[in-house]
Amino acid sequence: MTGERPTIRELARLSGVSVGTVSRALNGYADVNPDTRERIQRIARELDYSPAAAARTLVTQRSHLIGVFLETGEGHPDLQHPFFHEVLVGLKDCIGARGYDLLLFATERPGNGYGDHAYLKRARHHNVDGVALMGVDPADTELQRLLRSELACVGVDVELHGARTGYVMSDNIEGAKDAVRHLHALGHRRIATITGLLDKKPGADRLRGYRDACGELGLAYRDEYVIQGDFYFEAGHDGARRLLALDEPPTAIFAASDMTAIGAVRGAVEAGRDVPDDLSVVGFDDIQMAQHVHPPLTTVRQAKSGLGGAAGAALLRQIDGSDST
């Protein structure tokens, strides 16, 4: 199969019936032979066929819709994380200036009978011109079907490759190293970290940056100073309490996100520590909330709306046929 979008005429040809019969079979009409219906539906599944929704796109062949798939893992309240808010604002502003709208896909329990991860079918069903993806698993077989298709795709903080696919990402390794260097310059030698999700590239890269900086600064790497987290408040809260209960607790914590850092500050205070006198905490992201906590959070600034804007610009270039990365 090629990556070209299948048409109802192609489906009719492969099924050996008329276009009208295909339409009636897919729309549940009772006057279609059951064996014929089953054959049409089977071939439609094999082709990843979904009828285009927009007669309004017949002239321009554009829906002026950009789809967004956002995956943060089971139990994580994706849109409640401030990082994603700011990325989406940057994406919206960029594509909105060109007359495009955003369509946020409900990724946990999608409708239309397509299954949990039928990215390509759902994108085609809504006839989006391109797709932005955050937090997805690059090895997911359904995601790979999308990346092999005709659709323009851009990953945000996730490395994706395909014929019309690219990605935008901050330098997470260097940012993490900057955080550790800052703590070291303050005189800290027992520096711990609470990580992000390690199966996601930003989480893995920030841990790598922490490890590299420890090595460059001559700090002993201690397994007990690495607490696995997930970028959210609870991981920081619980992680800080675990670290501070060690026989030789750290004097500083680098948290892989600001929400984790805010949780770490809360955990430290509940454990009877003063921040920053007893414990220094550095986060990553520079979300708007960081300046409003007490004390104001020291953090590595990430251009969140800039990431969204860069993703939007890359998608528009691909849609216009002027870029492939």
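## Starting point and basis

Phe 84 counts as buried, because its relative accessible area is 12%, where buried means under 20% relative accessible area, exposed over 50% and partly exposed in between, computed with a 1.4 Å probe on protein chains only. The model is predicted, so that local features need pLDDT of at least 70 and side-chain atom pairs count only at pLDDT 80 or more, whereas totals for chains, interfaces and linings use all residues. Residues are numbered from 1 along each chain as its sequence is written, and side-chain values use heavy atoms, with hydrogens and water left out.

## Overall composition

The protein chain holds 11 helices and 10 strands, these being DSSP runs numbered from the N terminus, with helices taken as H or I of at least four residues and strands as E of at least two. Of its 325 residues, 50% count as buried. Where contact means heavy atoms within 4.5 Å, 65% of the contacts between residues at least 6 apart in sequence join residues at least 24 apart.

## Aromatic pairs

Rings of Phe, Tyr and Trp (its six-membered ring) are paired if their centres lie within 6.5 Å, and the pair counts as stacked with planes under 30 degrees apart, as edge-to-face over 60 and as tilted for the rest. The count under this rule is 4 aromatic pairs. Phe 69 and Phe 105 form a stacked pair, because their ring centres are 4.3 Å apart and their planes lie at 5°. This pair links distant parts of the chain, since Phe 69 is in strand β1 (residues 65-70) while Phe 105, 36 residues away, is in the loop between β2 (101-104) and α5 (119-125). Phe 69 is buried at 0% relative accessibility, and Phe 105 is buried at 8%.

The pair of Phe 83 and Phe 84 is edge-to-face, because the ring centres are 5.4 Å apart and the planes stand at 75°. Phe 83 is buried too, with a relative accessibility of 8%. Ring pairs also join Phe 69, Phe 105 and Tyr 119 into a cluster.

## Charges over rings

A charge sits over a ring if NZ of Lys or CZ of Arg is within 6 Å of the ring centre and within 35 degrees of the ring normal. Arg 206 lies over the face of Phe 284, 3.9 Å from the ring centre, and the charged end of Arg 222 sits over the ring of Tyr 225, 4.3 Å from its centre.

Two packed helices are described by the angle between their axes and the distance between the axes. Here axes are lines fitted to C-alpha atoms, for helices over the stretch in contact, and angles between N-to-C directions run from 0 to 180 degrees; those under 35 degrees count as roughly parallel, over 145 as roughly antiparallel, 65 to 115 as roughly perpendicular and the rest as oblique. Helix α1 (residues 8-15) packs against helix α2 (residues 19-26) at an angle of about 100°, with the axes 8 Å apart, which means that α1 is roughly perpendicular to α2. In this contact, Ile 8, Arg 9, Leu 11 and Ala 12 of α1 meet Val 19, Val 22, Ser 23 and Leu 26 of α2. These residues divide into 6 nonpolar, 1 polar and 1 charged, with Ala, Val, Leu, Ile, Met, Phe, Trp, Tyr, Cys and Pro taken as nonpolar, Asp, Glu, Lys and Arg as charged, and the others, Gly among them, as polar.

The axes of α2 and helix α3 (residues 34-47) come within 9 Å and cross at roughly 90°, so α2 and α3 are roughly perpendicular to each other. On the α2 side the contact involves Thr 21, Val 22, Arg 24, Ala 25 and Leu 26, and on the α3 side Thr 36, Arg 37, Ile 40, Gln 41 and Ala 44. The contact of α2 with α3 divides into 5 nonpolar, 3 polar and 2 charged residues.

## Backbone geometry and a helix contact

Most residues other than glycine have a negative phi, and most peptide bonds are trans. Asp 48, in the loop between α3 and β1, has a positive phi near 55° and is buried at 8% relative accessibility. Phe 231, in the loop between β7 (226-227) and α9 (233-244), has a positive phi near 80° and is buried at 15%.

A cis peptide bond with omega about 15° joins Val 275 to Pro 276, and Pro 276 is placed in the loop between α10 and β9 (280-285). Val 275 is among the contacts of Ala 268 when neighbours within four places in sequence are left aside; Ala 268 itself lies in helix α10 (residues 258-270) and is buried at 0% relative accessibility. The peptide bond from His 294 to Pro 295 is also cis, with omega near -5°, and Pro 295 is in the loop between β9 and β10 (298-301).
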